[in-house]
Amino acid sequence: MRFDLTDLKLFLRVAESGSITAGAETVHLALASASARIRGMEEMLGVPLLKRNRRGVEPTDAGRTLLHHARAITQQMEKMRADMGEYASGLKGHIHLLCNTSALTEFLPDILAEFMASHPQVNVDLEERPSHEIVQAIRDELGDIGIVTDAVDSSGLETRLFREDRLVLALSPLHPLARSLKRRAVVPFAEVLENDFIGLAGDSALQQYISEHASRLGQRLHYRVLVRSFDAICRMVASGAGIAVVPESAVLRSRDANAIRHIHLSDAWSRRKLLLCMRRYADLPGYARELADALANS
């Protein structure tokens with residue numbers, strides 16, 4: 001099966017316009033040449049791709065399948081052309097960085113801002129995912145650098161320590177639970193599961209992580225409200241609307257820190273290390289190694 005890009009573009013335009021003549025014009029081919037190309041495609045596949053009628057043409061079932069692939073291939077070619085055009089205009093690097101919620105919101109903004117200011121010809125594609133998806137994506141070469149918790153299996157990847165990231169219980173000192181916990185400095189997660197929680201909206205990797213640990217205890221967390229940031233969670237907690245499990249750093253930097261009591265969880269999963277992971281540091285482009293170094297040494 002040997003189709004070239006002209007064949008695929010021609011078939012795509014013919015199918016979209018419902019006319020071989022119109023399709024040929026859009027790809028700058030003579031009608032006779034366009035018709036010959038389509039016949040050649042049908043002969044090569046051994047099935048008709050177009051149904052001819054008085055109004056023009058429309059794809060057969062096989063033609064619709066080819067149309068799907070032709071559209072995907074031409075779109076990918078356009079993306080490649082755009083990406084390579086960035087290099088022609090001066091861009092010298094593109095890094096796909098995958099990270100979990102804590103890294104994205106608590107630690108990366110300042111580090112990335114400094115790195116990108118000193119590397120104006122490098123773009124960073126930043127994507128939030130759960131840690132277990134990140135390690136698989138790095139193994140599958142769908143990302144360059146990942147930031148994950150040490151709770152996931154990162155075997156086969158090179159790792160470096162990025163940050164300590166302890167999760168804590170955050171609540172208002174006026175919350176009924178605060179009175180029952182009195183002066184306790186540590187509490188098991190299982191002991192607070194029946195309270196109303198404040199959580200992160202959307203497909204937050206951290207929220208999935210916390211909910212999974214509740215499920216392992218046979219419980220489902222009840223969320224009074226889901227908000228978009230740790231700052232918003234801290235404001236809601238300070239008001240007494242509910243309790244939350246958040247990174248300790250989020251509480252300490254919150255403008256409402258003085259109105260929030262945070263208690264360490266006794267569960268081992270709350271004491272996390274964030275790791276950089278990559279397939280092989282030595283195989284990264286130089287600018288990606290520089291970002292990995294900046295993250296590891298920050």
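This is a predicted model: local features need pLDDT of at least 70, side-chain atom pairs count only at pLDDT 80 or more; totals for chains, interfaces and linings use all residues.
Arg 280 forms a salt bridge with Asp 283, and their closest N and O atoms are 2.9 Å apart. Arg 280 is partly exposed at 43% relative accessible area, and Asp 283 counts as exposed at 57%.

I then searched the whole structure for such pairs and got 13 salt bridges. I looked up Arg 37, which pairs with Asp 4 at 3.4 Å between the closest N and O atoms. Arg 37 sits in helix H3 (residues 31-45) and Asp 4 in the segment before helix H1 (5-17), so the pair ties together parts 33 residues apart in sequence. Both ends are partly exposed: Arg 37 has 26% relative accessibility, Asp 4 has 33%. I also noted a network of salt bridges linking Asp 4, Asp 7 and Arg 37.

Arg 64 and Asp 61 came next, with closest N and O atoms 2.2 Å apart in their salt bridge. They are three residues apart in helix H4 (residues 61-88), so about one helical turn separates them. Arg 64 is partly exposed at 42%; Asp 61 is exposed at 57%.

I turned to helix H5. Its 18 residues, 101-118, reach 25 Å from first to last C-alpha, close to the expected 26 Å. H5 bends by about 65 degrees at Leu 108, and Pro 109 follows within four residues. I found Leu 108 among the buried residues of H5, which include Phe 107 and Ile 111.

Last, I looked at the largest pocket, with a volume of about 260 Å³. Its lining has 16 residues; Thr 149, Ala 151, Val 152, Tyr 209 and Glu 212 lie nearest the centre. H8 gives the most to this lining, seven residues. I sorted the lining by class: seven nonpolar, six polar and three charged.

Methods: Residues are numbered from 1 along each chain as its sequence is written. Side-chain values use heavy atoms; hydrogens and water are left out. Helices (H or I, at least four residues) and strands (E, at least two) are DSSP runs, numbered from the N terminus. The expected span of a helix is 1.5 Å times one less than its number of residues. The bend at a residue is the angle between axes fitted to the seven residues ending there and the seven starting there. Buried means under 20% relative accessible area, exposed over 50%, partly exposed in between (1.4 Å probe, protein chains only). On a 1 Å grid over the protein atoms alone, a cavity is a set of points where a 1.4 Å probe fits but cannot get out, and a pocket is an open set with protein on both sides within 12 Å along at least five of seven lines; lining residues have an atom within 4 Å of a point. Grid points are joined across faces, edges and corners, and a volume is the space filled by probe spheres set on the points. Ala, Val, Leu, Ile, Met, Phe, Trp, Tyr, Cys and Pro count as nonpolar, Asp, Glu, Lys and Arg as charged, and the others, Gly among them, as polar. A salt bridge is a side-chain nitrogen of Lys or Arg within 4 Å of a carboxyl oxygen of Asp or Glu.
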